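Dear colleague,

Please find the structure below, handed over for your records. My notes on it follow directly after.

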Amino acid sequence: MDDLYLVRDLKLSFPDLAHKPLFGIPPRIDILHGLSFSIRRGEVLGIVGGSGSGKSTLGRVLVRLLEPSGGEVMFDGQDITHLGEDALRPLRRRFQMIFQDPMSSLNPRRTVGAIIAGPLQLHGFDHVPARVDQALDHVGLPRAFGSRYPHELSGGQRQRVGIARAIAMQPEFILADEIVSGLDVSSQAQVLKLLADLVRDLGLTLAFISHDLSVIRRLCGRIMVLHQGRIVEHRATDAL
């Protein structure tokens, strides 16, 4: 199994605007401290840690919503560490993200069908209506839901729409950031099973971010534990 992601000595820091600048330059807060790891093609990697551990920040670096301060991020053999937006645009369909709160990530003024179709149209996919229907099929939602609005759905159904939007792009990698934390236990189990099925059926590579080890262990074959922006554990789930 080859590496889809290879990360070397990854660092990220932000300006500390709460403190007085020194010689006109604000001090910086270090968020990620020299992380090195890989994500193998077709695996499910769990990224776990407490609040403020840097796990969500790391996830946003992997899909280049944030640019690192140092180190290197390789995706499928290509260095994406400091690519500009024009160079990133054709890559964006290859790595997708599912967000924690579907109510804030789904446009309440658009129907489910339009929400899923939007990225497909942006990236120039053909047969968009058929792709929307297929995505709804994959996540177990009736095709008639394409005409509904997010507020008409349950929390678990809204999260399935977020998953459908991501997989409709036929990505190679998906980052799922705390996507079951707001769901009840029954809905959590259903979404986790859905993700496991999609990884198997679509050949996806998945990074699953959570603060809950009991959730992570049900889905992930390997776990990376972060604490204060550093990797403190990194091993197979059974061993951890």
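Which residues of the largest nonpolar core touch the most other members? They are Ile116, Ile163, Ile179, Leu195 and Phe208, in a core of 45 residues. A nonpolar core here is a set of buried Ala, Val, Leu, Ile, Met, Phe, Trp, Tyr and Cys residues joined through side-chain atoms within 4.5 Å; buried means under 20% relative accessible area, with a 1.4 Å probe and protein chains only. Helix H7 (residues 185-202) gives this core its largest share, six residues. A second, separate core has 29 residues, including Leu12, Val63, Ile80 and Leu175.

Please note that this is a predicted model, in which local features need pLDDT of at least 70 and side-chain atom pairs count only at pLDDT 80 or more, while totals for chains, interfaces and linings use all residues. Residues are numbered from 1 along each chain as its sequence is written, and side-chain values use heavy atoms, with hydrogens and water left out.

Strand E7 (residues 173-177) deserves a description of its own. Helices (H or I, at least four residues) and strands (E, at least two) are DSSP runs, numbered from the N terminus. Five of the five residues of E7 are buried. Phe173, Leu175 and Asp177 point one way from this strand, and Ile174 and Ala176 point the other way. In a regular strand the side chains alternate between the two faces of the sheet.

E7 pairs in the parallel sense with strand E6 (residues 95-98) over four bridges, where pairing requires that DSSP finds at least two bridges between the strands. Phe95 stands opposite Phe173 of E7. E7 is also parallel to strand E8 (residues 205-210), over five bridges, and Phe208 in E8 is the bridge partner of Ala176.

Elsewhere, four strands form an open sheet in the order E2-E1-E4-E5, with antiparallel pairing. Strand E2 (28-40) and strand E5 (78-79) stand at its edges with a single partner strand each, so one side of each is left without a neighbour in the sheet. Strand E1 (residues 3-15) pairs with E2 over 10 bridges in the antiparallel sense; Leu6 has Ser38 in E2 as its bridge partner.

Finally, Glu43 lies in the loop between E2 and strand E3 (44-48). Glu43 counts as buried because its relative accessibility is 8%. Its side chain reaches the backbone nitrogen of Arg40 at 2.9 Å.

Yours sincerely

Note on methods
Buried means under 20% relative accessible area, exposed over 50%, partly exposed in between (1.4 Å probe, protein chains only). A polar contact is a pair of N or O atoms within 3.5 Å; within protein, one must be able to donate a hydrogen and the other to accept it, and residues adjacent in sequence count only if both atoms are side-chain atoms.
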